Amino acid sequence: SEEVERTHRLTVGLDVPEQAVPLRWDAALAAYRITQEALRNVARHSGCREAAVALDLEDGYVRLRIEDRGCGFDADGPGPGLGLVAMQERAVLAGGEFDLRSEKGQGTRIEVSFPLAGA
């Protein structure tokens with residue numbers, strides 16, 4: 001978080017469990033890389049300087065949520081950029097599900113769910 005704040009001048013609010021989250025290594029790496037790319041996109045494209053990252057444990061899954069209140073974009077418009085495609089592919093290859101919601105003027109939210117290790 002501190003590196004992102006320094007590099008991109010982006011304030012990131014974190015809401016993560018205090019205990020270790022039991023994810024398979026491939027899902028943990030995918031979650032890290034998706035978060036990294038999403039925050040990079042916020043800094044480059046959203047027009048805002050704040051983002052929120054949260055991890056929730058629910059019913060055998062870990063849900064990762066990254067959101068901003070920036071300019072948003074038409075998620076139903078022309079094909080997504082390569083960064084979004086790469087995030088979706090990372091999630092799916094690690095056994096997760098990827099959901100993107102964005103509206104012009106309303107910000108963007110990415111949610112990724114991964115099964116807990118051993119689930």
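**A guided reading of the chain**

The accessible surface of the chain comes to about 7500 Å², and 48% of that surface belongs to carbon and sulfur atoms; accessible areas come from the Shrake-Rupley method with a 1.4 Å probe, and for residues only the protein chains shown count as cover. The model is predicted: local features need pLDDT of at least 70 and side-chain atom pairs count only at pLDDT 80 or more, while totals for chains, interfaces and linings use all residues. Residues are numbered from 1 along each chain as its sequence is written, and side-chain values use heavy atoms, with hydrogens and water left out.

The secondary structure comprises three helices and five strands, arranged along the sequence as α-β-α-β-β-α-β-β. Helices (H or I, at least four residues) and strands (E, at least two) are DSSP runs, numbered from the N terminus. Of the 119 residues in the chain, 36% are buried; buried means under 20% relative accessible area, exposed over 50%, and partly exposed in between (1.4 Å probe, protein chains only). Among contacts between residues at least 6 apart in sequence, 67% join residues at least 24 apart, where contact means heavy atoms within 4.5 Å.

In α3, L84, M87 and A91 are buried. They cover an arc of only 60° around the axis, so they lie on the same side of α3; the arc is that of the directions from the helix axis to the C-beta atoms. The cover over the buried residues of α3 includes α2, β4 (97-103) and β5 (107-115). On the other side of α3, L82, V92 and L93 are exposed. Just after this helix, G95 takes a positive phi of about 85°.

Helix α2 (residues 25-46) contains W25, which is exposed because its relative accessible area is 69%. Together with L29 and Y32, W25 makes a nonpolar surface patch of about 410 Å². Patches are made of residues with over 30% relative accessible area and no salt bridge: like charges are joined within 9 Å, nonpolar side chains (Val, Leu, Ile, Met, Phe, Trp, Tyr) within 5 Å.

Two loop residues may be set side by side. D59, in the loop between β2 (50-58) and β3 (61-68), has a positive phi of about 45° although it is not a glycine; at 76% relative accessibility, D59 counts as exposed. G70 lies in the loop between β3 and α3 and is buried, with a relative accessible area of 9%. Leaving aside neighbours within four places in sequence, G70 is in contact with S46, C48, G105, Q106 and G107. G70 and E50 are 20 residues apart in sequence, and their C-alpha atoms are 8.4 Å apart in space.

The charged side chains complete the picture. A salt bridge is a side-chain nitrogen of Lys or Arg within 4 Å of a carboxyl oxygen of Asp or Glu, and the count by this rule comes to eight. D56, E58, R63, R65 and E67 are linked in a network of salt bridges. Within it, R63 and E58 meet at 3.4 Å, N to O; R63 is partly exposed at 21% relative accessibility, as is E58 at 40%. E67 pairs with R65, the closest N and O atoms being 3.3 Å apart, and both of these residues are buried. A further salt bridge joins D26 to R24, with the closest N and O atoms 3.1 Å apart.
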